There are 2 protein chains.
Amino acid sequence: MRLTITLAEAYNEAPYPVNGHGKRNVQVLKEAFEMIDGEVDSDMYGSGSVIEQCQDRFAQLLGKPASVFFPSGTMAQQIALRIWSDAAGSKKVAYHPLCHLEIHEQDGLKKLHHLEPMLLADMTRPVLLSDVLGMPDDVACVLLELPQREIGGQLPDYAELEAISAHCRAKGIKLHLDGARLFEITPYYGRSAEQICSLFDSVYVSVYKGLGGIAGAVLAGEYDFAEESKVWKRRHGGDLISLYPYILSAEYYLERRLPRMADYYEGAVQLAELYNGCHASKWTVPQVPVSNMFHVHYDLSKEELEPILIEVTQQTGVGFTHVLRPKNETGCYYEVSIGDRYAELPQEKVREAIRLLGERLNSLDRQTQSL
Amino acid sequence: MRLTITLAEAYNEAPYPVNGHGKRNVQVLKEAFEMIDGEVDSDMYGSGSVIEQCQDRFAQLLGKPASVFFPSGTMAQQIALRIWSDAAGSKKVAYHPLCHLEIHEQDGLKKLHHLEPMLLADMTRPVLLSDVLGMPDDVACVLLELPQREIGGQLPDYAELEAISAHCRAKGIKLHLDGARLFEITPYYGRSAEQICSLFDSVYVSVYKGLGGIAGAVLAGEYDFAEESKVWKRRHGGDLISLYPYILSAEYYLERRLPRMADYYEGAVQLAELYNGCHASKWTVPQVPVSNMFHVHYDLSKEELEPILIEVTQQTGVGFTHVLRPKNETGCYYEVSIGDRYAELPQEKVREAIRLLGERLNSLDRQTQSL
């Protein structure tokens, strides 16, 4: 055992990491392409059967007339909002304060498209109908992220969603779905992707979250919307001569993982229950997961928690997370995201690791109390 | 022989196609990854040894402190011009009327970055010092494309380039190189990529033209420039979680093809000579190529030339081009771009095909004269 090891190192070396489908390495590409004939022609700047067949498949899956394969969701979503903004003649769009476009894209939406987002809801809960009702009249588009990743993957009730959709339709406000993890919420809602998408005018899905492809995104909607998005895709520099490394791997992993979304969801529910049953100074958000993900919150600082997680990982072999995120002044949290790996873990190892984690937290409490 | 066949079909079925390195198919990816260990970790949003090592390699090759791997040249070059525009506090940039940004990018530079390009030179020749001297004082950046692809891959004299560079430096105007085909001009100029790049403040090179990778581009310059370009790369949606399918294949083909640039250039010179020696109603631009490419111009319409090319291709097996481009009212032309394939062609087949093409053009002339 090394004297100093980072949490990321401990996680990467652990024989039983909890998150995801597996390592993000070149094998992901090699596996996807192993059985693909080398004679298959590349797509060419958005044309060709490789990209067109994939787009048709996703359009069907999402219940929309057309879809377009993009290199990234960042590109796809900025473009969706720009199209709706241009159509409405209004620069105003609305989304959650922890929306990907607001916090992870270096303000591309503002710097490139000059859109003016207004922030709906507070930071702790998803967007509700009441937030949408409180918007000014000239908002061109509302973006909803389902599940809301940065707050542990929370969801509104389905009836709330239906009400938001009905309101936006009545008012002529476009409704866009950030469905980076759309397939992952279908088991909880008990609705197909197509049913959920029917509430929205445009939809983005990621091919490398729950589906576990290499990179890429799909944007779906009406035919004219899709065609316009292709023009913007070229403007953004996303209309690559060849996107097939992402497209063919997306299709490969789609076939394998779409049928497993219920397993991932159930794994998350089970693991969150273990966490919550064990020690009061940590808890999950949501308490009962509604997708394959949740956050684990602690009343300990990053600096206090890190050595404990490293120790328990090294003792049990179970990797909890590779990174802790600070939260206000005293706490921290991490994200759990269930994929293929979880079903392969020895359950007794996971139980032992979480029990041991609880013990360490308890003994820390006793030390703190005796000071 | 089918009764109707398109030029593209005839070209794709021809046993001896003249252009490029080979088919753009999945085999290009499979070959590049065959010997790469599956355990190699993916790059992650622009970090990790896979992308950093590649960027270091290109920075060294181009003689710049830093380089950044991009999904596309469209994205890289818009960003380069935006950075120089912001630094100068001027929206004015200058380039050739047939610049890629002006004619192939759906006006991304104007629609996303609101830059105001002024067009230098006329459409038939490269940009010269006199064009640059005639610019207004507040131009932030001049972009030079070497070779100028849309006019057959023409180049200015190297002394002209040096004079433009010296002038821009003296005036504080940034000079950006569209070096999509930079490596392809090193044999003619008798200068290394590094020497040519030393005349420029920023440089873009493509990894899928002469190098024959799958897709992608590299932008190089000073360290601060590179760092700023990463921020814009994220804004554009180009900071993908994984770019390794493009990066590792770029490095694989770089090793194989960088040493062959002189062969490609010499092949182009030889083939252009064959074309020019054969019939007066076609000619190449440039007459003597200065890179691996040239255009073949005809005083015939697309509709007149197409059946002749198809016939000669079917008779000899030599594919000339998959597409003709119209030129003014009476003429048309096509692009020739020499890669790995040319050296493998039976020379007598190529000579026979061009001789036969000349005969057909001659007999067409006689028919026309006798009408």
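## Packing of helix α8 in chain A

The buried residues of α8(A) pack against α7 (129-133), β5 (141-145) and β6 (174-179) of chain A. Helices (H or I, at least four residues) and strands (E, at least two) are DSSP runs numbered from the N terminus, and contact requires C-beta atoms, placed from the backbone, within 7 Å. This is a predicted model, in which local features need pLDDT of at least 70 and side-chain atom pairs count only at pLDDT 80 or more, while totals for chains, interfaces and linings use all residues. Residues are numbered from 1 along each chain as its sequence is written, and chains are lettered from A, and ligands numbered from 1, in the order in which they are written.

Helix α8 of chain A (residues 158-171) has 14 residues and reaches 20 Å from its first C-alpha to its last, close to the 20 Å expected at 1.5 Å a residue; the expected span is 1.5 Å times one less than the number of residues. A:Leu161, A:Ile164, A:Ser165 and A:Cys168 are buried in α8(A). A residue is buried if 20 or more other C-beta atoms lie within 10 Å of its own, exposed if 12 or fewer, and partly exposed in between. Seen down the axis of α8(A), the buried residues fall within an arc of 95°, so they line one face of the helix; the arc is that of the directions from the helix axis to the C-beta atoms. The face turned away from this buried side carries the exposed residues A:Ala159 and A:Ala170. After α8(A) comes A:Gly172, with a positive phi near 75°.

## Relation of the two chains

## Interface

The contact takes 39 residues from chain A and 39 residues from chain B. On the side of chain A that touches chain B, α2(A) gives the most, with five residues. Of the interface residues of chain A, 100% are also interface residues in chain B, so the copies meet through the same surface.

A:Gly108 is found in helix α6 of chain A and is buried, with 26 other C-beta atoms within 10 Å. Among the residues that A:Gly108 touches are A:Thr74, B:Arg234 and B:His236.

How values were computed. Contact = placed C-beta atoms within 7 Å. Lists of a residue's contacts leave out its neighbours within four places in sequence.
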